[in-house]
Amino acid sequence: MNQDFDAAFWDRMYQQRKAAWDSEPNLFLAQDIAGLEPGTALDVGCGEGSDAIWLAKRDWRVTATDISNVALDRGRAADGDRQVSWLQADILAWQPPADAYDLVSLQFLHIPPAERAALFGRLARAVRPGGTLLVVAHHPSDLETTIGRPPIPDLYFTADDVAASLAPGRWEILLGGTRPRSVTDREGRTISIHDMVLKARRIE
Ligand SMILES: C[S@@+](CC[C@H](N)C(=O)[O-])C[C@H]1O[C@@H](n2cnc3c(N)ncnc32)[C@H](O)[C@@H]1O
């Protein structure tokens, strides 16, 4: 893989598209945090902020972080009530405060394998005892569909890959596997794709 997915890459991507993502929260965030008592939340790779704003409206105290200032500016603009704390940071370099968040959410941030264990370790350290880590991403099997994912197999991972990086005995895996979703591909066909979902509760 010879492409740099750095701040300049992501800024360019956002500049080329007026609204890159849906303004609705991610489906499995909305489903999987239902029932959790609102507290502090960290949304890593928050993009234009739909999840962060949705959480804040449900009484979560949210820090939303992304490598792209273009994305964060859109989040700030959409966050009329200034409910969210927006922070520019490269999660491969920035360690969030330890034991600080009741929820750490990573939605569709695809990182090459060499950096993944460090990334998951950073996220796990940021969850406070009793808190929840939620990781959702495109499943590798999407590459065999007509959805048109970037054809870079190294970017995709599974719930087992995330679970393997959590300290044994310290986490209860509440959900780990794949979930199907119906979407429309570029030819207008309805197809089934899959997300990987890992939801884990820190025990101690
Ligand atoms: C596919 S988008 C997903 C955005 C949002 N989570 C969503 O689901 O709509 C991936 C996001 O991760 C951000 N990102 C990529 N690499 C990053 C890094 N190293 N540190 C922080 N954010 C990063 C990108 O700028 C982009 O906004």
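The chain holds six helices and seven strands, where helices (H or I, at least four residues) and strands (E, at least two) are DSSP runs numbered from the N terminus. This is a predicted model, in which local features need pLDDT of at least 70 and side-chain atom pairs count only at pLDDT 80 or more, while totals for chains, interfaces and linings use all residues. Residues are numbered from 1 along each chain as its sequence is written.

Next, select helix α4, residues 69-78, and show A71, L72, R74 and G75, which are its buried residues; a residue is buried if 20 or more other C-beta atoms, placed from the backbone, lie within 10 Å of its own. Seen down the axis of α4, these residues fall within an arc of 155°, so they line one face of the helix, the arc being that of the directions from the helix axis to the C-beta atoms.

Finally, keep α1 and α4 on screen, and find W10, D11, Y14 and Q15 of α1 where they meet N69, V70 and A71 of α4; two residues are in contact if their C-beta atoms, placed from the backbone, lie within 7 Å. By class, this contact has four nonpolar, two polar and one charged residues, with Ala, Val, Leu, Ile, Met, Phe, Trp, Tyr, Cys and Pro counted as nonpolar, Asp, Glu, Lys and Arg as charged, and the others, Gly among them, as polar.

Terms used: A residue is buried if 20 or more other C-beta atoms lie within 10 Å of its own, exposed if 12 or fewer, and partly exposed in between; C-beta atoms are placed from the backbone.
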